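Trainee: Please give me a close look at one part of this structure. Then carry on to whatever else can be said.

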Amino acid sequence: MITRSRNSFAISKVGGAVLLCVLTLFLGCSKETTDAPILIKFPHVTAPATPKGQAAERFRQLVEKRLAGRVTVEVYPSGQLMSDDDSLDALAFGEVQMIAISLSKLDRLTHKFQIFDLPFLFPDLQTVEKFQASDYGKELFNSIVDRKLLGLSFWHNGMKQFGGPVPMRSPQDAAGLKFRIMESDVLQAQILQIDGNPQKMALGEVYQALQTGAVDAQENTWSNTYSSKFYEVQDYITETNHGYIGYLVAVNPDFWNSLPDDIRSELDAIVKEVSVWANEQAASINLAGKEKIIASGQSEVIELTAEERAGWQQAMRPVWEKFSDNIGADLINAAEAYGKPAE
Ligand code: LMR
């Protein structure tokens, strides 16, 4: 009995020591885990000087200042880590924690963002902003949580222009041209509507495609056209302002919900602050891009008369009808009303 008890004591002593070691290791290990800053990997595809590039960098800096030692943000601009398409999967699998993806590219996951691609629906960024601030706009943040994307905010880039090998004053000038477009069915329909040949392609491939003639033309904002140097490989840019490029700033919802409350609310506040700052300066960054393109003398910028612009508008309008079942005619009417002057 005694021996047994001694043995069991001896055993329990050994066991205790092992347990203590394991506990120490565990605690040591868990302490390290607790103390290690939370890492937010944030890949995106545009250059650091673009509206999105600047917003992402400001987010990183503010997090570094306000959540020092607790959260680290690694921003990977210019598609250096992955394409937008890959980033949707990487976010869902938790390989990256945050993205700011063009609304057009969400078409792969849902039709709910298609309204932003309807040609000539939103005349300018202020109108888009009013629509995004509406109940519908806010509901969009939670609309693809089941695909592991939780929206936190919208960031603007700007309005799109058409660039190509000929001066495109009318839709007829675009007929037969191969256009690079983002991965969106609405944009595909828009190009088909003007008898062009749409090619869905990642941003990183466009310069070479224009250079080699794999595509003839493209649509993008002044800022992207300048920073991606498309003006070097297309002779004309027509200022149509026919569509919008903006972003959903999104996180993986599981990652987001796993954050300590104080960190989550501080990150949320920083995203909101950065959004106001970034959206205020998006238009001027685009204007600067336009001026630098003109100064380069490498692309001629075509300004349309009101009549010419109306011709594009009229030619593309049937796209609204094609997508009105997906989007909802009421919603399209509501969005259109934001752009009309108050009576
Ligand atoms: C594009 O692919 O042209 C845009 O989505 C790039 C961007 O993110 O502005």
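Mentor: Start with a term. Helices here are DSSP runs of H or I with at least four residues, numbered from the N terminus. H11 is one of them, covering residues 261-296. The model is predicted, so keep that in mind throughout.

Take the length of H11. It holds 36 residues. From first C-alpha to last, H11 reaches 50 Å. At 1.5 Å a residue, 52 Å would be expected, and the span is close to that. Yet H11 has a kink. The kink is about 35 degrees and is centred on Ala 282. Now look just past the end of the helix. Gly 297 follows H11. The phi of Gly 297 is positive, near 70 degrees.

Next, the ligand. For Lys 52 the distance is 2.7 Å. For Lys 105 it is 2.7 Å. For Asn 220 it is 2.8 Å. Taken alone, the ligand exposes 270 Å², and the protein buries 100% of that. The space the ligand takes is the largest cavity.

Key:
Residues numbered from 1 in each chain as written. Predicted model: local features only at pLDDT ≥ 70, side-chain atom pairs only at ≥ 80, totals over all residues. Heavy atoms only, no water. Helix = DSSP H or I, 4+ residues; strand = E, 2+ residues; numbered from the N terminus. Expected span 1.5 Å × (residues − 1). Bend = angle between axes of the 7 residues up to and from the residue. Polar contact = N/O pair within 3.5 Å; in protein donor to acceptor, adjacent residues only side chain to side chain. Areas by Shrake-Rupley, 256 points an atom, 1.4 Å probe, with all protein chains shown as cover. 1 Å grid on protein atoms, 1.4 Å probe; cavity = no way out; pocket = protein on both sides within 12 Å on 5 of 7 lines; lining within 4 Å. Sits in = over half its atoms within 2 Å of the grid points.
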